[in-house]
Structures are given as C-alpha cells and as structure tokens.
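Please open the model in your viewer and keep a selection panel at hand. The stops below go from the whole chain to single side chains.

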Amino acid sequence: METQWTTVIKPKSSLLEVDFGELWQYRDLYRMFVKRDIVTWYKQTILGPL
C-alpha cells in the first residue's frame with residue numbers, strides 16, 4: 001500500500017530572504033531584548049546602576 005501525502009511543508013526559497021518591513025514592525029521588541037541582555041550582563045558590575 002502506497003501512502004499519498006496531502007500537505008507538503010517547504011522552506012522559503014532562500015535563507016537570506018528577509019522581510020525588512022516585518023523587522024521594522026517589531027523594532028521595539030528587539031530593543032527590549034537587547035536592553036534586557038545588557039542589563040543582565042552588567043547587573044553585578046559598577047555599570048549596573050546606569
């Protein structure tokens with residue numbers, strides 16, 4: 001008995017295909033992630049209160 005697939009999931013045509021409009025739409029989210037990473041990295045140092 002041969003199985004016939006009904007749904008095929010494929011990636012986009014290229015890895016370098018970036019939707020810059022979508023990146024710009026979520027710029028606040030990226031800014032928050034970067035700020036969080038910097039704060040957690042320097043929290044225990046002298047630069048922490050800044």
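Begin by colouring this predicted model by relative accessibility: buried residues account for 0% of the 50 residues in the chain. A cartoon view then shows two helices and zero strands.

Next, select Val18, Phe20, Leu23, Tyr26, Leu29, Tyr30, Met32 and Phe33, which together make a nonpolar surface patch of about 750 Å². Helix H1 (20-25) and helix H2 (27-42) are the elements that each give two or more residues to this patch, and H2 gives the most, with four residues. Within the selection, centre on Phe20, which lies in helix H1; Phe20 counts as exposed because its relative accessibility is 62%, and exposed requires over 50%.

Now turn to charged side chains. How many salt bridges does a search of the whole structure find? There are two.

For one of them, select Arg31 and Asp28, whose side chains meet with an N to O distance of 3.1 Å. Because these residues are three apart in helix H2, about one helical turn separates Arg31 from Asp28. Arg31 is exposed, at a relative accessible area of 54%, whereas Asp28 counts as partly exposed, at 49%.

Finally, select Asp37 and Arg36, which form a salt bridge whose closest N and O atoms are 3.6 Å apart. Asp37 is partly exposed, with a relative accessible area of 43%, and Arg36 likewise counts as partly exposed, at 47% relative accessibility.

Technical notes. Residues are numbered from 1 along each chain as its sequence is written. This is a predicted model: local features need pLDDT of at least 70, side-chain atom pairs count only at pLDDT 80 or more; totals for chains, interfaces and linings use all residues. Side-chain values use heavy atoms; hydrogens and water are left out. Buried means under 20% relative accessible area, exposed over 50%, partly exposed in between (1.4 Å probe, protein chains only). Patches are made of residues with over 30% relative accessible area and no salt bridge: like charges are joined within 9 Å, nonpolar side chains (Val, Leu, Ile, Met, Phe, Trp, Tyr) within 5 Å. Accessible areas come from the Shrake-Rupley method with a 1.4 Å probe; for residues, only the protein chains shown count as cover. A salt bridge is a side-chain nitrogen of Lys or Arg within 4 Å of a carboxyl oxygen of Asp or Glu.
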